[in-house]
Amino acid sequence: MLSDAVIPGSQGELEMEDVALGVALGVALPEPRCGFLGYFALSFIAAGLPCAMSVLLWSDIGYGEQVYAFLASDQVMAYVLGSVGGLIFFILYLLDFYWPPHLENRYLALFDKDRFLGRSILALAMVLSFAAAMYMAQDFPTVPIMCTVLLGPLFIAIVRKLTRPSMKRPKSTLTDTGKLERKMARLEHYVGTEKDKRSFYAGSMTAFVLLGIITLIVWTLWVLATGLDLASMSFHDRLKELEYIRWVTPVAVSMTYLMFAFIVGLRVHMASTYDQGHILLKFTKETAGLEGDDIATQERRRRKTLRVVEKQLESDLHARDAFTSLGPQQQDMFARRHLQNLQQ
């Protein structure tokens with residue numbers, strides 16, 4: 001799947017700096033394009049297409065027998081298409097296309113202003129390699145199934161790339177803002193993007209689960225309606241083995257999609273444990289006017305700060321126990337430095 005991380009010093013980080021400045025100057029952040037339901041619908045369609053293709057093309061529920069017979073009749077195409085695709089990959093490598101050292105902070109480019117040509121050639125090589133894998137069905141009948149199923153995460157990654165909230169550079173030419181305003185702008189940007197990420201991953205996880213369950217239900221109903229004499233199966237007979245593969249393909253597709261859902265679900269679960277940005281943002285806003293508060297208010301803020309730090313240390317019991325064993329002044333110093341590091 002495509003990463004949401006920003007490489008330090010990259011163009012993405014510079015754009016984030018400009019967005020933070022724009023927010024500090026009063027420029028509103030753009031709203032996320034999709035919520036949970038929007039991401040779920042897009043993910044269901046994007047992942048549903050490869051799921052349906054896998055079942056219709058490679059199993060007896062659809063046209064598996066005819067498709068395998070067609071691909072087996074022209075097996076030499078696997079070597080032709082694979083050779084051409086591999087040659088294109090190799091030529092692009094010789095041209096330093098993938099990560100050109102002569103083009104700073106650029107990748108997948110043949111020359112400085114290349115935005116389309118090089119990537120189009122790369123896409124052609126990928127299509128040829130995919131087609132070659134399809135023609136390998138005679139000797140490796142499971143390879144086309146795997147290639148088709150893996151299109152699901154690929155399409156989901158494309159959906160994420162197209163729907164990720166984009167940030168426009170502010171038109172203002174002002175460059176000097178308060179340090180606190182810049183930090184709050186960074187936090188607001190971070191919290192907003194984290195909410196969008198959680199919505200996307202939760203939506204795609206739900207789509208994978210439903211597609212896996214639907215595929216399994218369809219296969220079960222089909223088996224009950226048609227049946228199959230498993231006693232006649234023989235893995236020493238190529239035709240019988242291929243017949244079994246076509247029979248079990250929907251189950252493999254269903255289990256694979258449920259595995260995808262489990263992996264994405266781990267991302268959703270882990271995000272809830274380490275993402276404390278909203279707490280830090282609330283704390284920063286509340287402490288912005290700390291100067292001039294009375295002693296009781298400062299004490300309440302101090303206790304709230306300590307609770308925030310303890311919450312963030314829950315994943316490491318030894319660190320939390322060490323923090324609680326410190327004296328009041330040491331706890332205040334640790335909490336202050338910890339929150340300062342998070343704000344930077």
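Trainee: Where is Arg106 found?

Mentor: This is a predicted model, in which local features need pLDDT of at least 70 and side-chain atom pairs count only at pLDDT 80 or more, while totals for chains, interfaces and linings use all residues. Residues are numbered from 1 along each chain as its sequence is written, and side-chain values use heavy atoms, with hydrogens and water left out. Taking helices as DSSP runs (H or I, at least four residues) numbered from the N terminus, Arg106 is found in the loop between helix H4 (76-94) and helix H5 (117-134).

Trainee: Is Arg106 buried or exposed?

Mentor: Buried means under 20% relative accessible area, exposed over 50%, and partly exposed in between, computed with a 1.4 Å probe on protein chains only. Because the relative accessible area of Arg106 is 15%, the residue counts as buried.

Trainee: Which backbone oxygen does the side chain of Arg106 reach at 2.5 Å?

Mentor: A polar contact is a pair of N or O atoms within 3.5 Å; within protein, one must be able to donate a hydrogen and the other to accept it, and residues adjacent in sequence count only if both atoms are side-chain atoms. The side chain of Arg106 reaches the backbone oxygen of Asp114 at 3.0 Å. At 2.5 Å, the side chain of Arg106 reaches the backbone oxygen of Asp112.

Trainee: With which residue does Arg106 form a salt bridge?

Mentor: Side chains of opposite charge can pair when their charged atoms come close. A salt bridge is a side-chain nitrogen of Lys or Arg within 4 Å of a carboxyl oxygen of Asp or Glu. With the closest N and O atoms 3.9 Å apart, the partner of Arg106 is Asp112.

Trainee: How many residues apart are Asp60 and Arg246, the pair that links distant parts of the chain?

Mentor: The side chains of Asp60 and Arg246 meet in a salt bridge at 2.6 Å, N to O. Asp60 is partly exposed at 27% relative accessible area, whereas Arg246 is buried at 8%. With Asp60 in the loop between H2 and helix H3 (64-72) and Arg246 in helix H9 (residues 238-274), the two are 186 residues apart.

Trainee: At what angle do helix H2 and helix H7 pack?

Mentor: Axes are lines fitted to C-alpha atoms, for helices over the stretch in contact, and angles run from 0 to 180 degrees between N-to-C directions. Helix H2 (residues 36-58) and helix H7 (residues 151-163) have their axes 8 Å apart, and their packing angle is about 145°.
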